Amino acid sequence: MRLVLAAGLILAGLLPQEGKSPLDSGAILELTLPAPPGVRGEWFRLDRERGAEEPVGLVRQIVVVEPGGNYRLEQETLFLDAAVRVLHVETLQPDELTLVWREIGERHGRTVLVEWDLNASSMRCADTEGGEVRRRRIEIEDGALMPLYLLEKLRAGHLSTGRFRCFRPIAGALEELELRLLPPSPFWGNARILEWRRADGGLAGRFAFRGRDLVSFRWQEGGPLATAIGEDEYRRLRASLWVDPSND
């Protein structure tokens with residue numbers, strides 16, 4: 001079963017011209033996702049360095065395939081030392097995409113809501129923080145990708161190296177990213193390594209895959225290293241180390 005999304009989310013017959021990236025051509029992209037209804041989960045610990053005794057954070061990722069062909073991509077990140085919870089949800093429907101990004105701390109909170117009618121050339125964005133709401137439209141004539149959807153395309157091997165536009169929730173804006181394939185490295189266990197670089201050369205993400213499994217990643221240079229763990233280990237660490245600031 002195919003979920004067809006337009007304007008940079010689906011790869012349906014309109015391919016970039018030879019020698020041009022999808023960013024240059026504004027091509028339509030397509031992704032074939034697993035069809036049977038169900039849930040796929042992944043769990044990670046975040047460490048300042050490999051082999052640390054206790055993690056500094058935990059990450060849970062879920063892909064939900066709903067009856068009727070809708071998809072929900074979720075990522076929850078718990079920063080243990082700062083008591084901050086970040087929830088990121090992308091809901092994909094045949095004609096619409098919705099992104100909700102929430103940061104919840106003990107004394108602060110922020111919500112970014114993006115609504116995209118895939119037949120339109122702009123997205124509606126509402127950024128709420130401290131009781132104030134900033135609403136705007138973001139033009140996307142050249143196409144765009146959402147972060148969790150982008151990760152699924154990397155997992156499936158449906159992206160070639162090149163430049164792409166991706167929405168960055170924490171900045172509330174689109175950014176240009178370049179996808180690079182790195183040679184195998186013992187540090188990453190000789191897995192398939194893909195990384196994103198921003199226009200200024202800064203790291204926007206480095207991901208290690210074995211087959212379709214994401215086994216490790218890092219969001220920024222020098223930042224915490226995520227390593228895959230089992231669900232039971234994730235639950236044990238969460239129960240023993242996490243204090244939810246929203247329950248205080």
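Buried here means under 20% relative accessible area. Keep that cut-off in mind on this tour of a predicted model.

**Stop 1: the Glu195 salt bridges**

Arg197 and Glu195 meet through their side chains in a salt bridge, 2.9 Å from N to O. Arg197 has 13% relative accessibility, so this residue counts as buried. Glu195 is buried too, at a relative accessible area of 3%.

Now turn to Arg206. Its salt bridge with Glu195 brings the closest N and O atoms to 3.0 Å apart. Arg206 lies in strand 12 and Glu195 in strand 11, so the pair ties together parts eleven residues apart in sequence. Are Arg206 and Glu195 buried or exposed? Both are buried. For Arg206 the relative accessible area is 9%.

Glu221 forms a salt bridge with Arg206, with 3.2 Å between the closest N and O atoms. This pair links distant parts of the chain: Glu221 sits in the loop between strand 13 (213–218) and strand 14 (225–229), Arg206 in strand 12, and they are 15 residues apart. Over the structure, the count of salt bridges comes to 21.

**Stop 2: the aromatic cluster**

Select Phe44, Phe207, Phe217 and Trp219. These four form one aromatic cluster. A search of the whole structure finds four aromatic pairs. One of them joins Phe217 and Trp219: the pair is tilted, 5.2 Å centre to centre, with 55° between the planes. Check the exposure of each ring's residue. Phe217 counts as buried at 2% relative accessibility. Trp219 is partly exposed, with a relative accessible area of 27%.

Then jump to Arg50 and Phe187. The charged end of Arg50 sits over the Phe187 ring, 4.2 Å from its centre.

**Stop 3: the largest pocket**

Return to Trp219 and show the pocket surface. The largest pocket has a volume of about 930 Å³. It is lined by 33 residues, and the closest to its centre are Gln75, Ile170, Arg198, Ala204 and Trp219. Colour the contributing elements next. Those that give two or more residues to the lining include strand 3 (71–79), strand 4 (84–92), strand 5 (96–104) and helix 2 (147–156). Strands 9 (162–168), 10 (173–182), 11 (192–198) and 12 (203–210) are also among them. Which element gives the most to this lining? Helix 2 does, with five residues. By class, the lining has 22 nonpolar, five polar and six charged residues.

**Stop 4: helix 2**

Select helix 2 on its own. The helix is mostly covered, with nine of its ten residues buried. Among the buried ones are Leu148, Leu151, Glu152 and Arg155. Step just past the end of the helix to Gly157, where phi is positive, about 75°.

**Stop 5: the largest cavity**

The largest share, four residues, comes from helix 2. The lining divides into five nonpolar, one polar and five charged residues.

Notes:
Residues are numbered from 1 along each chain as its sequence is written. This is a predicted model: local features need pLDDT of at least 70, side-chain atom pairs count only at pLDDT 80 or more; totals for chains, interfaces and linings use all residues. Side-chain values use heavy atoms; hydrogens and water are left out. On a 1 Å grid over the protein atoms alone, a cavity is a set of points where a 1.4 Å probe fits but cannot get out, and a pocket is an open set with protein on both sides within 12 Å along at least five of seven lines; lining residues have an atom within 4 Å of a point. Grid points are joined across faces, edges and corners, and a volume is the space filled by probe spheres set on the points. Ala, Val, Leu, Ile, Met, Phe, Trp, Tyr, Cys and Pro count as nonpolar, Asp, Glu, Lys and Arg as charged, and the others, Gly among them, as polar. Buried means under 20% relative accessible area, exposed over 50%, partly exposed in between (1.4 Å probe, protein chains only). Rings of Phe, Tyr and Trp (its six-membered ring) pair if their centres lie within 6.5 Å; planes under 30 degrees apart count as stacked, over 60 as edge-to-face and the rest as tilted. A charge sits over a ring if NZ of Lys or CZ of Arg is within 6 Å of the ring centre and within 35 degrees of the ring normal. A salt bridge is a side-chain nitrogen of Lys or Arg within 4 Å of a carboxyl oxygen of Asp or Glu.
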